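Work through the exercises below with the sequence and the structure at hand. Each task is followed by a solution in steps.

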Amino acid sequence: MGVEALQDMLGDSIITTTLGKLVSWGRANSVWPAQFGLACCAMEMITMAGPRYDVGRFGSEAMRASPRQSDLMIVSGRVSQKMAPVLRQIYDQMPEPKWVISMGACASTGGVFNNYALVQGVDKIVPVDVYVPGCPPRPEDLINGLMILQERIKAQGLRSQL
Amino acid sequence: MKTPRKAVAKGGERDERWIQVAPADLPTVLADLKQQGFASWCFLTCVDHLNTPLLLQPPERFELVYQLRNITSRELIRVRAYIAESEPSAPSVHSVYAPAAWDEREVFDLFGITFSSHPDLRRILLPPDWVGHPLRRDYPVGGEPVEFSDDHQSWQTAPAEA
C-alpha cells in the first residue's frame, strides 16, 4: 500500500508526532501543585486557584493534599529554619518528574528577613525551576511563572530533568 | 484593685496599672491577683535591657512582664519583675495560670531564662538543637552579609557557642 492510499484511507483522523512531544504536552497541561501554603504569598496562590483567576484554564487547579500525587511544589512564602526539613521531606516524597516554583521575594532570597530564623532562599534546600518575583506576586505573576514552567516542560520531552 | 502587699513599686494610670515585685514573690502575687478577679492570662514576655538608652536605668538586665486582665471590670494589670543576668531564673507560675507553661517555654527559648519547677521546660519555637537565645540583644542578627552595604564588614552570621 502506498502513502497516498494510506492518506486516502485515514483522512484527517490521525496525526503523527513523537512520543516525547506527546508525553510532555500531557505533563505540561496537568501540572498538579502540592497543596500547602507557607506565608502571605499563599493568599495569592489561593486566589490564583479561585474563580477570578482560575488556574484551571492551564490545567493546574487540582491542588493535591498528598505530595505523592503532586508534580509541582509552589514554595509560597518564607521558609523558616525549622520548616526547611519539612519542606525538603515533602519534595522528596513527590514522584518524578517534579518541578518547583519559588514564589515571592522571601522564598527566592529571604526577602527583607535577613536574619537567623529564615532560610535565605529556598534554592539552598530544593532545586528551583522558576522564580516568581514580587512581595507578594499577584496571581497573574504566578500564572505567568506557571506558563514559563509549561514551556520548559514541553521542551523537556522525555528527559527526567529540565 | 487592691495592690498586693509584696509589690515594691507601682505606677500607670486608670485601668492600665503596673506593679513591680521581686521574682521570688511572683507565684504568691499572681495567685493574689487571680483571687481578686484577674483570672484572664494575657501573656508573659521578657525585655532585654542590655544597652537600653533609658533615662531611668533598669536595675537588672532582664525584665519579665506578666499581663493579666479582669474580665468583669475590664482592668488590665501588668506585673514586672527584674531578673539578674548572673542568674537568669524565676519561679514558674503554671500552677496558678495553666497557660503560663507555654509562655514560659517561649521566654526560655528566646531569652534563656529558666523557670524553676516548670514541668517541661523545652524549646517551643526553635529546633531543639538550636544554640543560643536569639532575642537576647547580644545574639548576632544572622542571615547573610549583604555585599556593598554599610555594615557588611561587621556582619555576624554565626551565633556564639553556648
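**Exercise 1.** Find which residues of H2(B) are buried, and what they pack against.

Solution. A residue is buried if 20 or more other C-beta atoms, placed from the backbone, lie within 10 Å of its own. In H2(B) this picks out B:Ala100, B:Asp103, B:Glu104, B:Val107, B:Phe108, B:Asp109, B:Leu110 and B:Phe111. Next, look for contacts, that is, residue pairs whose C-beta atoms, placed from the backbone, lie within 7 Å. The buried residues of H2(B) pack against strands S3 (40–48), S4 (62–69) and S7 (114–116) of chain B. Helices (H or I, at least four residues) and strands (E, at least two) are DSSP runs, numbered from the N terminus.

The model is predicted: local features need pLDDT of at least 70, side-chain atom pairs count only at pLDDT 80 or more, and totals for chains, interfaces and linings use all residues. Residues are numbered from 1 along each chain as its sequence is written, while chains are lettered from A and ligands numbered from 1 in the order in which they are written.

**Exercise 2.** Check the span of helix H2 of chain B, and state which residue follows.

Solution. The expected span is 1.5 Å times one less than the number of residues. B:Gly112 follows, with a positive phi near 75°.

**Exercise 3.** List the order of elements in chain A.

Solution. Chain A has six helices and three strands. From the N terminus they run α-α-α-β-α-β-α-β-α.

Technical notes:
A residue is buried if 20 or more other C-beta atoms lie within 10 Å of its own, exposed if 12 or fewer, and partly exposed in between; C-beta atoms are placed from the backbone. Two residues are in contact if their C-beta atoms, placed from the backbone, lie within 7 Å.
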